[in-house]
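Please consider the structure shown below.

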Amino acid sequence: MNLARVSAILVVIFVVVSAWIIVTPLTGALPEATDHAQSIDFLFKFMLVASVAVFLIVQGFLLYFCLHYRRRKDEPEDALGSDIHGNTRLEIVWSVIPVIFLIVLTAMSFKVYVDIVAIPKQAYIINVQASQFQWECDHPKYGITEVGTCHMPLGEVTVRLHAHDVIHSFWVPEFRVKQDAVPGYPTEMHFKTIRVGQYRLICAEFCGVGHPEMYAKLFVMSQKDFAAWVKQQQQANSGSAPTTNLSFSKDIEPIFTAHCAACHIATHLANLDLGTYQGLLKGGNIVSGPIIKAGNHKGSVLWQITGTTGPYPGGNRMPLGGPYLSTAELAKITAWIDQGAKNN
Ligand code: CUA
């Protein structure tokens, strides 16, 4: 078999395999649910086809040369092969072609990257709070908070990520994009959802013993269904009205027990007077000022020190090392402070 025929066979194999790669949809097992998914899948297939070409050229000719230039029966065992040194034209060809390919690949990848980080003019904003080991999705536009589920409409969406304790990572395989949630460093991701459905929001960063359990159901809904869902949530919220007339013993004490009692003496709990906690200690920093400011929760040290975004007076953040309070718990504390922090 001569070189020309081997080359022809390799070209045929390349054409068949490439055609199979191009026509086989990745979307069978993993649908494309965002605009980024489409461009990333295209890039993936482009690289896969290029890899097939490189693989066939290298391995195909390697195999051919091994067979073609093997030692023949009538040759002595110590026979020397032909003595070849360099081939300038060939070396230029096999350097220039990969360089051109890499430049094209860089340009294509950069285009996709720019699209992923671009901030859309108008997007539906969701604040996502990641903590060990749950996802909480807040809808600031409607004042809705959900834990363990996350609903979003079709169209441009901006997800603002916050981590309460350690690094987590927001990953929906069907979206093809992923973003870390880092404590004290808010991050964002932008995408346009294009496919209605239910997906899994997975934590893709090892964050502790509960990491494999840290996922939420994510729903992409049509604008109409989403509006209906919002209405339903608002009606449900207005029915129970959880943030008015909070009682210390029923609403605040469980939060105190879960987050504060480890350091703050439990015997003070039954009849807690937060005013006696004037000197909050952490790493030697003493904070002075009103712990509770009725009617002005933002001026209260308690609110600042347990909040998700600070300020943290004197560099203190409570609880020491977490678990930090969820947005829902903070909302209760805020409402309680605003009521005048009564032991009612
Ligand atoms: Cu959160 Cu892994």
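**Cysteines and their strands**

With a relative accessibility of 4%, C207 counts as buried, because buried means under 20% relative accessible area. The model is a predicted one. C203 is likewise classed as buried, its relative accessibility being 4%.

Two other cysteines form a covalent link. C137 and C150 are joined by a disulfide, with an S to S distance of 2.3 Å; the cut-off for such a pair is within 2.5 Å. By this rule the model contains 1 disulfide. Where do C137 and C150 lie? C137 belongs to strand β2 (residues 134–139) and C150 to strand β4 (residues 149–153), so the bond ties together parts that are 13 residues apart in sequence. The disulfide is left-handed, because the torsion about the S-S bond of C137 and C150 is about -105 degrees. Both ends are shielded: C137 is buried, and C150 is buried as well.

Strand β4 runs parallel to strand β10 (residues 215–221), and 5 bridges join the two. Within this pairing, C150 has L218 of β10 as its bridge partner.

Which strands make up the open sheet, and in what order? The open sheet has 5 strands, arranged β4-β10-β9-β6-β7, and its pairing is mixed. Its edge strands are β4 and β7 (178–181), each of which pairs on one side only. From one strand to the next, the twist averages 25 degrees.

Notes: Residues are numbered from 1 along each chain as its sequence is written. This is a predicted model: local features need pLDDT of at least 70, side-chain atom pairs count only at pLDDT 80 or more; totals for chains, interfaces and linings use all residues. Side-chain values use heavy atoms; hydrogens and water are left out. Helices (H or I, at least four residues) and strands (E, at least two) are DSSP runs, numbered from the N terminus. Buried means under 20% relative accessible area, exposed over 50%, partly exposed in between (1.4 Å probe, protein chains only). Two strands pair if DSSP finds at least two bridges between them. Axes are lines fitted to C-alpha atoms, for helices over the stretch in contact, and angles run from 0 to 180 degrees between N-to-C directions.
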